[in-house]
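Here are my notes on this one, jotted down as I went through it. Have a look at the model first, then read on.

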Amino acid sequence: MNRRTTDEIEFVELGETFVAGLPVRSPKRPLGDLRDRNVERAWSSVLQEDLPGPLASIYTDHAPENDSYYTQVVGYQCSGIDQVLRGHVLARVPPGRYARFVSLGEFPDVVADLWEQIHGAEGSGRISRTFTGDFEVYPNAFRIELYVSVGPATGKAPA
């Protein structure tokens, strides 16, 4: 299996971003676990539609105190409510500072690699997550870019 990763973290300031699609509440699966039949069903449904924007997913409504509750909206990026397809919800990623992680490969390894990068960056103190909204974009079938909301640079960790 070919995977390409990097230990470099790119920090970016992003404006507000919208993702529309189907919501899945994941109360029993810690963020970053790979298999969730509800998420798979949502993706299967979304991929059958003619989407108005590039594929994307957002993690929102975090409950970090118990490290397990969040909502994932699987779907597509859009500019606002006018582009939301019937039956879909609209989620907002707030503007702010994000750490960008990239992984190339095949599913599910590509996803596992992303979360390994994120957990490693957290564990080493290179990022401090804010849990205000994280999102993924999929430029192609073998690449995922995951933006994780982070606090301001402290001067202690490389930015």
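**Notes on the model**

1. Let's start with threonine 17, which sits in strand 2 (residues 17–25); strands here are DSSP runs of E, at least two residues, and helices are runs of H or I, at least four, numbered from the N terminus. Keep in mind that this is a predicted model, where local features need pLDDT of at least 70, side-chain atom pairs count only at pLDDT 80 or more, and totals for chains, interfaces and linings use all residues. Residues are numbered from 1 along each chain as its sequence is written, and side-chain values use heavy atoms, with hydrogens and water left out.

2. Is threonine 17 buried or exposed? Threonine 17 is buried, at a relative accessible area of 11%; buried means under 20%, exposed over 50%, partly exposed in between (1.4 Å probe, protein chains only). Its side chain gets to the backbone oxygen of glycine 15 at 3.3 Å.

3. Now the core. The largest nonpolar one has 31 residues, and Ile9, Ala99 and Ile118 are among those with the most contacts inside it. Such a core is a set of buried Ala, Val, Leu, Ile, Met, Phe, Trp, Tyr and Cys residues joined through side-chain atoms within 4.5 Å. Helix 2 gives this core its largest share, 6 residues.

4. Just after helix 2, glycine 125 has a positive phi of about 80°.

Note on methods. Polar contact = N/O pair within 3.5 Å; in protein donor to acceptor, adjacent residues only side chain to side chain.
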